[in-house]
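The report below works through a two-chain model, from the overall build of one chain to its contacts with the other. Please keep the sequence and the coordinates at hand while reading.

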Amino acid sequence: MNRKIRVLVAKPGLDGHDRGALVIAQTLRDRGMEVIYTGLRQSAAQIAQTAIQEDVDVIGLSSLSGAHKSLFPKVMEELKKREAEDIPVIGGGVIPEEDIQFLLDHGIQKIFTPGTPMTAVADFIEERVQGDSV
Amino acid sequence: MSEHFSEQKKIWEQQSEKVKERFPERKDPFTNLSGIPIEPLYVPENESNFDDYAEKLGFPGQYPFTRGIQPTMYRNRFWTMRQYAGFGSAKETNERFRYLLDQGQTGLSVAFDLPTQIGYDSDDHMAEGEVGKVGVAIDSLEDMEILLDQIPLDKVSTSMTINAPASVLLCMYIAVAEKQGVPKEKITGTIQNDILKEYIARGTYIYPPKPSMRLITNIFEYCRDNVPKFNTISISGYHIREAGSTAVQEAAFTIADGLAYVDAALESGLEIDEFAPRLAFFFNAHNNFFEEVAKFRAARRVWADLMKNKYKAQNEKSWRLRFHTQTGGSTLTAQQPDNNIVRVALQALSAVMGGTQSLHTNSRDEALALPTEESARIALRTQQIIAHESGVADTVDPLAGSYYVEQMTDEIEKQIREYLDKIEDMGGAVQAVEEGYMQREIHQAAYEAQKRIESKEDIIVGMNEFTTDEETHADLLKVDEKLEQEQIERLGEIRANRDQQLVDKRLQDLKETAKNPDENLMPHILASVKAYATVGEICHTMRDVFGEYTGA
């Protein structure tokens, strides 16, 4: 199967910091993936809807405003509502260590904290998606 | 001796004396530990350099202000130490403010939460999860009264990081001051009010550019007549830099934005000298020490030239680029966070060497969360150490005349002007923003910077080199999750207890005014605020007329 990996990079909530999201998007494109970037201020429902419409393999959520504990699980809920909870969701941003387990418990597959090399994110996505298709 | 030089020198001496009458020098005499006296200013000794010096550097407090906007800079008074703070409820933030003032901070700087910054009330569904997170939640005048409780607004100057709803928050500030018995003519402070960089880099826009520019010129006009001591805008490169720009781009795009505001104000019928003296700037202090110093000096020189020669401002105050500086948040690492104290100290030093008027030093834990009280104190202490212990503030612009610094200043100036020409050719900053030009330039620079870090071409200590396996996890500040519910409940009470008919009438007036682009919105916003209409209600009223911006 030679279909390119499709990734949705999304900014839930009101946070306007998109430097990280944009740099990630560019890195993944350089790795040959197709990346859809939602732009700012997306609701959880909008993100789930876009993910389904665009038939993505992975959703990456970025938040630097401290609202991740409320916003990330909400995206999971909206995916579930649409029976799309099989799409793996990863997250990143300003997320303290102590919040990570909470997010994993809500079905987020992996949280990348500040300082993570972009390549580590790309590697994770490749492994995750290709692992699924084998 | 060059006539120009000796004339400037004489003016400088006179101006310095005048400053001393108001603010005596901090020490008499200034000496170092070896007992060597420290002059207020050092200038070239060789007469063959006088002409060049007079033209490119000049004396501090004089055109082109390369060496600073005041004749004696920090000899008499240090910069304003102004730490940005705000989280949770108005009550909690008020406590932090009073703590910081007790600790020797000299001005306030308010951080608002995202719903407030984007014009949503705490009970709006868009605000869910965000209330009180990155700053304080302000819904109505009552929150503002609590926020500023027991803070004397005739003595303390307040900077408010508020942009799209700047008009609303300024009106709330005016209303609280009046309740304290302080007339609006006397209050001092700054509203950020810089919408262009929101489209470019920061993201808290509401309306499209045109009505946004109208609101800004309405504020300029209203403040000229009513709030003459308030800085009506803080034209910000800070967030442009945080989004990943280079130092040159930061200065160039900020100045380009500044020119767009000047043009808009002139177009609305204001005279340049009526508003230009109240324009303020806000820059980032990043890692490369000399590049940053040169950037500040170059930016001053470019702005002075443009205001004097291109816009023909007559008032010298219109030529002066006054600026606040904050150390670079994006340079802080989550790994080994105590190292950030050292980064902040070096960055802060560059701002002082660059002649900043006020300074915020970041806290070590800001790559992880909002600062704890202890981290915020260390950050303030860092600038107090620079001020009181290092001696760098004892003479004006001590790096002037360094071959390296002067040539770097010239080169940065040249590159700033190249960008300005390009943006002017595109039709100005508003046009460039709408086309996404600056956004693309910044993103490209951010991507390149990230690649250099990943290839270890750039070393970030503790992050991609000199790492440790054992990371200690500091205590972080947590915003109480219950806060959102409490804030919503209080908002409900305010709505229940106010004169709803009056609120409706005020908002209706505001709506009608918004429809007529020739009218000033400020008096109507002030009337709405005084009736306890909320930030969300006022912004929604204007949204109905102006529409919303949805991205370039």
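## Overall build of chain B

Chain B contains 21 helices and ten strands, where helices (H or I, at least four residues) and strands (E, at least two) are DSSP runs numbered from the N terminus. This is a predicted model, in which local features need pLDDT of at least 70 and side-chain atom pairs count only at pLDDT 80 or more, whereas totals for chains, interfaces and linings use all residues. Residues are numbered from 1 along each chain as its sequence is written, while chains are lettered from A and ligands numbered from 1 in the order in which they are written.

Along the principal axes, the C-alpha atoms of chain B fill a box of roughly 75 × 60 × 45 Å. Of the 552 residues of chain B, 52% count as buried, that is, 20 or more other C-beta atoms, placed from the backbone, lie within 10 Å of the residue's own.

## The parallel sheet

Five strands of chain B form an open sheet in the order E2-E3-E4-E5-E6, with parallel pairing; two strands pair if DSSP finds at least two bridges between them. Strand E2 (84-85) and strand E6 (230-231) of chain B are the edge strands, each pairing on one side only. Strand E3 (residues 108-111) and strand E4 (residues 158-161) of chain B pair in the parallel sense over four bridges, and Ser109(B) has Ser159(B) in E4(B) as its bridge partner.

## Domains of chain B

The domain assignment, which is automatic or from a database, divides chain B into domain 1 (3-56) and domain 2 (73-454). The C-alpha centres of these two domains of chain B lie 29 Å apart. Their contact takes 14 residues from domain 1 of chain B and eight residues from domain 2 of chain B, with two residues counted as in contact if their C-beta atoms, placed from the backbone, lie within 7 Å.

## Contact between the chains

The contact between the chains takes 25 residues from chain A and 30 residues from chain B. On the side of chain A that touches chain B, helix H1 (19-30), helix H3 (68-81) and helix H5 (118-133) of chain A each supply at least two residues, and the largest share, four residues, comes from H1(A).

Note on methods:
A residue is buried if 20 or more other C-beta atoms lie within 10 Å of its own, exposed if 12 or fewer, and partly exposed in between; C-beta atoms are placed from the backbone.
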